[in-house]
Amino acid sequence: MDEVRMVRDFYPEPAPPTAREVARAKALLNKPPRRSLPRLRWGLGGVVAAGAAATVAITLVGGNTSGGGNTPTPLRTVNLGPKGAILAAAEKAEQQPTGNYWYTDIVAGQSYIMRPKTGTYAITGAADESFHWTGAKPGMGEVYHGRDLPAHPLTKQDAALWRKAGSPSSFRVWSNDHYYTYAAKGTKWSANGPERGIDPRGGGDFLGKSVKDLQNLPTDHAKLAAMFLSETEMSKALGQAGKKLSPEMEQRLRQAEPYLKISRVAGILGQSPVPPKVRAGLMRALATQPGIHAIGRDTDPLGRPGVALASDERTVTVTGEYGGPKAEQGTYRYRAVIIFDERTGAVLSRQNELTRPGGPYAEMKPGFIIEYQAVRSTNWTGTKPKPSAELPSFG
Amino acid sequence: MTGDPPPDPAERFDEVFDVYFAEIHRYAAKRLGPDAAADVAAQTFLEAFRHRRRYDPIRAGVRTWLYGIATKVISRHQRTETRALRARARLGPGRHAEEHTERVDSRVSAEGLRGELAGAIAALPRGQRDVLLLVALADLSHDEVAAALGISYGTVGSRLNRARTKLRKALGGTNPMLTLEEQHG
């Protein structure tokens with residue numbers, strides 16, 4: 001007897017969704033997401049990453065946020081200050097030798113707040129590491145490895161408070177719209193799963209360009225800005241090209257722009273073997289964009305010092321709309337920061353930093369890293385690279 | 001870069017919505033009834049939208065991926081589902097006013113076995129019910145069910161077999177789909 005058929009016939013044919021139900025479901029997709037600060041991934045290359053960032057950024061400026069209206073006028077400067085040194089170094093650097101395989105190792109994490117009676121501290125949860133290599137030429141292959149990293153206290157001070165709380169091995173935190181428990185335990189490297197995989201026929205494609213194309217990119221910052229950061233290019237990167245935007249959407253996009261440009265440049269520099277002179281040109285191009293300014297020295301979550309550019313501040317208000325503890329609600333400000341290695345001009349990290357404590361981060365200090373993606377290492381190799389089993393060391 | 005998934009859900013989510021919303025709604029409506037269906041379908045697409053960048057075409061087609069998410073969302077409404085099934089089991093055939101307006105399979109109700117079937121489906125462990133209904137209502141292949149639920153091909157087969165055995169037992173080995181002649185003969 002065919003039970004499957006029987007079950008199929010047992011369920012009556014329901015009425016289709018009403019137009020109103022469909023419209024309401026579709027409208028939900030355009031509402032600001034519940035997650036206050038979703039991860040921006042570079043993992044899939046600058047263009048796509050910028051697209052993802054857009055969704056985030058657009059929704060973050062939505063509604064009651066000022067987008068910098070009350071912000072103290074940021075120091076807008078074309079002069080990179082301490083970065084003059086990097087640029088000189090980058091420009092002096094010899095043409096980067098290429099190899100057979102290019103790899104990039106990226107560590108990412110999101111901060112969460114623990115509030116035990118013994119004292120509030122921050123942890124990094126949702127931490128993962130991705131290791132991607134690609135052959136220099138098409139057909140040489142391409143692999144995305146990934147692993148979850150153990151949740152851990154964010155800084156040394158956080159570690160001290162974690163010990164005071166009895167060194168818990170799991171962390172129950174409020175995450176956007178639900179409680180989630182992060183474990184102080186990671187996973188092994190794997191090439192299976194979301195955003196992972198092996199393409200034996202891949203390779204030779206760096207943000208839609210060949211290695212040779214990258215070597216032939218202009219080094220002039222104005223040309224690079226026109227190529228990668230112009231309005232047309234940004235809207236293309238955001239998947240909005242040719243689309244008619246509502247005035248509201250356009251305003252949101254404009255406000256999000258500095259933030260998106262940082263993601264875009266981080267995506268390009270953190271993801272592809274551009275020659276040092278192009279890198280220097282892109283850094284300068286970013287530095288001359290409106291809403292971007294030099295902030296001097298800064299340190300990434302892996303404890304590496306560098307010099308940084310930052311976007312204008314943005315305001316986020318977490319309401320109780322999606323539930324959660326009172327302590328997670330309120331208004332704070334943050335900015336996007338990109339940190340460069342002073343010696344080589346390489347991107348160390350893209351991170352969102354608290355500028356005005358409040359809401360969930362009321363007990364944190366300015367400079368607190370809310371979310372980040374850091375390039376642990378990236379280089380050419382002669383043979384197929386393998387991810388390191390060793391865990392990254394933090395701050 | 002190459003090796004990246006084709007950007008369907010990530011870049012053309014509107015199209016994904018337009019193509020599959022009614023189908024996912026139908027699946028939810030069958031399992032949970034019309035009241036919960038709109039919410040479940042909306043929630044399914046909201047979650048798919050949020051995770052659209054994690055969609056991996058190597059693992060599953062878009063449709064399969066959506067059924068996987070829908071199944072998870074439905075599992076949060078398990079009590080609604082079992083309550084509805086048990087209500088049908090108690091009421092038995094033809095006494096539920098709404099049934100007259102629904103296209104009910106006459107053979108099943110005529111055999112008076114719809115109640116037993118409802119009870120048996122309600123009594124299935126969730127994993128088995130998910131597999132059974134993805135096969136029966138969504139027409140997913142074993143491969144697709146495996147991808148949708150993130151379980152192995154073998155597990156799909158064994159869950160489906162267990163579910164079928166339980167249904168058969170619950171119905172006393174009777175197949176209400178067969179004609180009386182066949183059963184008596």
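1. Start with two helices of chain B, α9(B) and α10(B), which are roughly perpendicular to each other (angles under 35 degrees count as roughly parallel, over 145 as roughly antiparallel, 65 to 115 as roughly perpendicular and the rest as oblique). In this predicted model, they pack at an angle of about 105°, with axes 8 Å apart. Axes here are lines fitted to C-alpha atoms, for helices over the stretch in contact, and angles run from 0 to 180 degrees between N-to-C directions. Helices (H or I, at least four residues) and strands (E, at least two) are DSSP runs, numbered from the N terminus. From α9(B), the residues His142(B), Asp143(B), Val145(B) and Ala146(B) meet Tyr153(B), Val156(B) and Gly157(B) of α10(B); a contact means that the C-beta atoms of two residues, placed from the backbone, lie within 7 Å. By class, this contact of α9(B) with α10(B) has 4 nonpolar, 2 polar and 1 charged residues (Ala, Val, Leu, Ile, Met, Phe, Trp, Tyr, Cys and Pro count as nonpolar, Asp, Glu, Lys and Arg as charged, and the others, Gly among them, as polar).

2. A word on conventions before you go on. Residues are numbered from 1 along each chain as its sequence is written, while chains are lettered from A and ligands numbered from 1 in the order in which they are written. As the model is predicted, local features need pLDDT of at least 70 and side-chain atom pairs count only at pLDDT 80 or more, whereas totals for chains, interfaces and linings use all residues.

3. Helix α2 (residues 19-29) of chain A packs with helix α3 (residues 34-50) of chain B at an angle of about 25°, and their axes are 9 Å apart. That angle makes α2(A) roughly parallel to α3(B). Their crossing is right-handed (a crossing is left-handed if the near helix is turned anticlockwise from the far one by less than a right angle, and right-handed if clockwise). On the α2(A) side you will find Glu21(A), Arg24(A), Ala25(A), Leu28(A) and Leu29(A), and they meet residues of α3(B) including Ala38(B), Phe45(B) and Phe49(B). By class, the contact of α2(A) with α3(B) has 9 nonpolar, no polar and 2 charged residues.

4. Helix α8(B) is mostly covered, with 9 of its 11 residues buried. A residue is buried if 20 or more other C-beta atoms lie within 10 Å of its own, exposed if 12 or fewer, and partly exposed in between, with C-beta atoms placed from the backbone. Among the buried residues of α8(B) are Arg129(B), Asp130(B), Leu132(B) and Leu133(B). The cover over them includes α1 (3-10) of chain A, and from chain B α2 (13-32), α4 (62-75), α7 (114-123), α9 and α10 (153-170).

5. Two backbone angles deserve a look. Most residues other than glycine have a negative phi. Ala126(A), however, has a positive phi of about 45° although it is not a glycine. Ala126(A) sits in strand β2 (residues 121-135) of chain A and is partly exposed, with 19 other C-beta atoms within 10 Å. Asp139(B) also is not a glycine, and its phi is positive, about 60°. Asp139(B) lies in the loop between α8 (126-136) and α9 (142-149) of chain B, where it is exposed, with 12 other C-beta atoms within 10 Å.

6. Here is how each chain is built. Chain A has 10 helices and 13 strands, and buried residues make up 47% of its 395 residues. Chain B has 11 helices and 0 strands, and 42% of its 185 residues count as buried.

7. Finally, check the confidence. pLDDT is the predictor's confidence in each residue, from 0 to 100. Its mean is 78 for chain A, where 76% of residues reach 70 or more; chain B averages 77, with 75% of residues scoring at least 70. Among the elements of chain B, α8(B) has the highest mean pLDDT (95) and helix α11 (residues 180-184) the lowest (36). In chain A, pLDDT stays under 50 over residues 32-82. Residues 1-7 of chain B likewise stay under 50. For the complex, the predictor gives an ipTM of 0.80 and a pTM of 0.57.
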